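Biologist: I'm new to reading structures. Could you walk me through one, a feature at a time?

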Amino acid sequence: MARTKTTANPPPPFVNYKALYTWAPNDLLDECSDLVSSKAWRDHIGEPSTYDHRAFAKRHDNNITMLPCTLGEPVCGDERANNGVPFFYFYQVVFKCIGMRLPFSRFERELLTEINIAPAQLHPNGWAFIKAFGVLCGFFGCAPSVDVFLHFIEVKKQGKSLWVSLSNILGRVLLSLFQQSFKGWKGKFF
Amino acid sequence: MKPKSLDELPLNDREACKILTSVGGFDTATLISLEYNAEALAQYISMSASPYDLLVSASIGFLLDT
């Protein structure tokens, strides 16, 4: 999340993503964001003149920037397509509906590392489990722990699906689903 | 990925698991919506758990601090 941007929008350089990510299946390369315009960006964070970090960050932090994607940029992109500057993609619904904010907490970072996924690989309901678990632990005065989380919640990957979901372990139901179904969330990420 | 069993966990985590198990299932959307409202959150959680569970859970902070 550290791409820099000038006020003028030069046309994005052509990047041959298929050649760059030979490992990626077509449906992954086809998962591109509709949020490519500065209007989409402004709609999310507010007018630049009244720049509001609260739409994506817990506090103002010069190291955290949220930017719209370029046209045709697949969700599997990495810093090779961004002049070597590290960043990650994040679905808008997770900011808007679930209220996740950056930077990730230590627990969130450790969990993503443990289950070995990128932030955009996790289904929104999974993010809701993570957020609600953090709230519960905060109430009970204990630090959220990856081991405790994975005692109650398991990681599921459906067949060849590229996204990962989290679900309650039978007999240890701690949290309900945030929403039975999320619609239209794919194709909307920053 | 295999679920973590209680036996595999350090003592503090085991205690946390027992407490969370004893208070049971919560509504994720409600928890998230009450994140910044401590009083309403306490009320919601106390409605979902018996006073005994909350009494036990109050000790977890102490256990983890030691």
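Modeller: Read along its sequence, chain A goes α-α-α-α-α-α-α-β-β, giving seven helices and two strands. One bit of bookkeeping: residues are numbered from 1 along each chain as its sequence is written, while chains are lettered from A and ligands numbered from 1 in the order in which they are written. And keep in mind that this is a predicted model, where local features need pLDDT of at least 70, side-chain atom pairs count only at pLDDT 80 or more, and totals for chains, interfaces and linings use all residues.

Biologist: What pattern do the elements of chain B follow?

Modeller: Chain B runs α-α-α-α-α from the N terminus on, with five helices and zero strands.

Biologist: How do I read pLDDT, and where in chain A is confidence lowest and highest among the elements?

Modeller: pLDDT is the predictor's confidence in each residue, from 0 to 100. Chain A averages 86, and 91% of its residues score at least 70. Helix H3 (residues 38-45) of chain A has the lowest confidence, with a mean of 86, while H5(A) has the highest, at 96. Watch residues 4-8 of chain A, though: pLDDT stays under 50 there.

Biologist: What does the radius of gyration tell me about chain A?

Modeller: It's taken over C-alpha atoms, and the globule rule is 2.2 Å times the number of residues to the power 0.38. For 190 residues, a compact globule would come out near 16 Å, and chain A has 17 Å, which agrees. Along the principal axes, the C-alpha atoms of chain A fill a box of roughly 55 × 40 × 30 Å.

Biologist: What makes a residue buried or exposed?

Modeller: Count the other C-beta atoms, placed from the backbone, within 10 Å of the residue's own: 20 or more is buried, 12 or fewer is exposed, and in between is partly exposed. In chain A, 28% of the 190 residues are buried; in chain B, 21% of the 66 residues are.

Biologist: How many bridges join E1(A) to E2?

Modeller: Two strands pair if DSSP finds at least two bridges between them. Here five bridges join E1(A) to strand E2 (residues 164-168) of chain A, and the strands run antiparallel. A:Val155 has A:Leu166 in E2(A) as its bridge partner. Six residues lie between the strands of this hairpin, where A:Gly159 takes a positive phi near 50°.

Biologist: How many residues of chain A are in contact with chain B?

Modeller: Contact means that the C-beta atoms of two residues, placed from the backbone, lie within 7 Å. By that rule, 30 residues of chain A are in contact with 25 residues of chain B. On the chain A side, H6(A) gives the largest share, eight residues.

Technical notes
Helix = DSSP H or I, 4+ residues; strand = E, 2+ residues; numbered from the N terminus.
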